[in-house]
Amino acid sequence: MKCKKRQSIRASAVILLAGILLSLASCTRAAAPGGETPSGEPSAPTVPIEHAYRETALPVNIKGAAMLAYSGGRIYFDRQDAPGGPSVVSASLDGSEETVVWSREAEEPYSEMMGYSLTCFTADGEGNLFTVSRYVYPDDNDPNMPAYRDELTKTSPDGTELYSVDLTTLLDGAPVEVFGIAADGAGNAYLLGGGGMSIYALDGAAGALKFTVSENSPVMNITHSGDGSVIYAAMGFDPGASDMTYSMKTIDYAAGTASEMPPNAGDTFTDFSGIFAGAGDNAFFARFANKIYGFKSGDMTAEVIVDLLNSDIDP
């Protein structure tokens, strides 16, 4: 999932395909992969995924939202221009209840800054929120030049801050620019950074860096699969191919490695630039042209789930 990818949302349109379109910009409810963490600690219990292939009218006022997440029957969306600073709202799907579960105001030494923003967020299967925000301020050595600091915060479903991590500490004090975020079924966080070619896996309990997965080409998107593991689409370069190639990979948290997923059955679908979270027996979903495809776990068979032509859904 790439962050800060603004969706065009029409108040009068039917914009929600439960369990699918809600995860276009973020993650949905996930089931925990089995096994143990690298430290030997057991993974969290599995959390079943809720999914349904149906269009649902959404009375929640999310006009202007840039990012969406779905977990446990609630939708999460951002309000970048909220008074006092950006915030994330948790709302019931019937629009009857809204709660601000995350907000941030700049504090010293970042109050005299050039800008502040919420970069991206995701919700895990328990409704905990992972947010990445950026402080931009004048550089100490040259006030005319910007410096920045990215921060990861984990918040409980009721809005209580559980911990906050200064991401400049991830790589020997060097700033880490984050482009995307995902959470697995055990509540661990995965940050896409390093120029878009590195994924940092952080322990969900404390936010400590566990391992890094690096690619030789850009990662186009990161999200989770139907079984709760984190997956991503990496761009490939094939000199003999006329079109860009992509490979889908899955991350094994216990092993600290990533491996390529089986090729699409029949090789009928190769464009994985637009992927989003899986549900049920679908490892993930992908959008190509005017269709949304579901890819079955195991054999990667592609099935058309939604045809956007002549529909009320604004892609």
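Here are some notes on the fold, the salt bridges and a few strand pairings of this predicted model.

1. **Ground rules.** Because the model is predicted, local features need pLDDT of at least 70 and side-chain atom pairs count only at pLDDT 80 or more, while totals for chains, interfaces and linings use all residues. Residues are numbered from 1 along each chain as its sequence is written, and side-chain values use heavy atoms, with hydrogens and water left out.

2. **Overall make-up.** You'll find zero helices and 22 strands in the chain. Here helices (H or I, at least four residues) and strands (E, at least two) are DSSP runs, numbered from the N terminus. The chain has 315 residues, and 51% of them count as buried. Buried means under 20% relative accessible area, exposed means over 50%, and partly exposed is in between (1.4 Å probe, protein chains only).

3. **Surface and contacts.** The accessible surface of the chain is about 13800 Å², with 49% of that belonging to carbon and sulfur atoms. These areas come from the Shrake-Rupley method with a 1.4 Å probe, and for residues only the protein chains shown count as cover. Take the contacts (heavy atoms within 4.5 Å) between residues at least 6 apart in sequence: 46% of them join residues at least 24 apart.

4. **Asp150 and its surroundings.** Asp150 sits in strand β9 (residues 146-155) and is buried, with a relative accessible area of 1%. A polar atom of the Asp150 side chain lies 3.4 Å from the backbone nitrogen of Val178. Its side chain also makes a polar contact of 2.7 Å with that of Arg134. A polar contact is a pair of N or O atoms within 3.5 Å; within protein, one must be able to donate a hydrogen and the other to accept it, and residues adjacent in sequence count only if both atoms are side-chain atoms.

5. **The Arg134 salt bridge.** The structure has eleven salt bridges, each a side-chain nitrogen of Lys or Arg within 4 Å of a carboxyl oxygen of Asp or Glu. One of them joins Arg134 and Asp150, with the closest N and O atoms 2.7 Å apart. This pair links distant parts of the chain, from Arg134 in strand β8 (residues 129-138) to Asp150 in strand β9, 16 residues apart. Arg134 is buried as well, with a relative accessible area of 15%.

6. **A buried Glu-Lys pair.** Glu215 and Lys249 also form a salt bridge, with 3.0 Å between the closest N and O atoms. Glu215 is in the loop between β14 (209-214) and β15 (219-224), whereas Lys249 is in strand β17 (residues 245-252), so the pair links distant parts of the chain, 34 residues apart. Both Glu215 and Lys249 are buried.

7. Lys296 and Asp281 meet through their side chains in a salt bridge of 3.4 Å, N to O. Lys296 lies in strand β21 (residues 291-296) and Asp281 in the loop between β19 (275-279) and β20 (282-288), so the pair ties together parts 15 residues apart in sequence. Asp281 counts as partly exposed, at 45% relative accessibility. Elsewhere, salt bridges that share partners join Arg104, Arg149, Glu151 and Glu161 into one network.

8. **A four-stranded sheet.** Four strands form an open sheet in the order β11-β12-β13-β14, with antiparallel pairing. Strands pair if DSSP finds at least two bridges between them. The edge strands, β11 (180-183) and β14, each pair on one side only. Neighbouring strands are turned by 20° against each other on average, direction ignored; the axes are lines fitted to C-alpha atoms, for helices over the stretch in contact, and angles run from 0 to 180 degrees between N-to-C directions. Inside the sheet, five bridges join β12 (residues 189-193) to β13 (residues 198-202), and Tyr190 has Ala201 as its bridge partner in β13.

9. β20 is mostly covered, with five of its seven residues buried. Four bridges join β19 to β20 in the antiparallel sense, with Ala279 opposite Asn282 in β20. The two strands form a hairpin with two residues between them, and Gly280 in the turn has a positive phi of about 60°. β20 also pairs with β21, again antiparallel, over six bridges, where Ala286 has Tyr293 as its partner in β21. That hairpin also has two residues between its strands, with Ala289 in the turn at a positive phi of about 55°.
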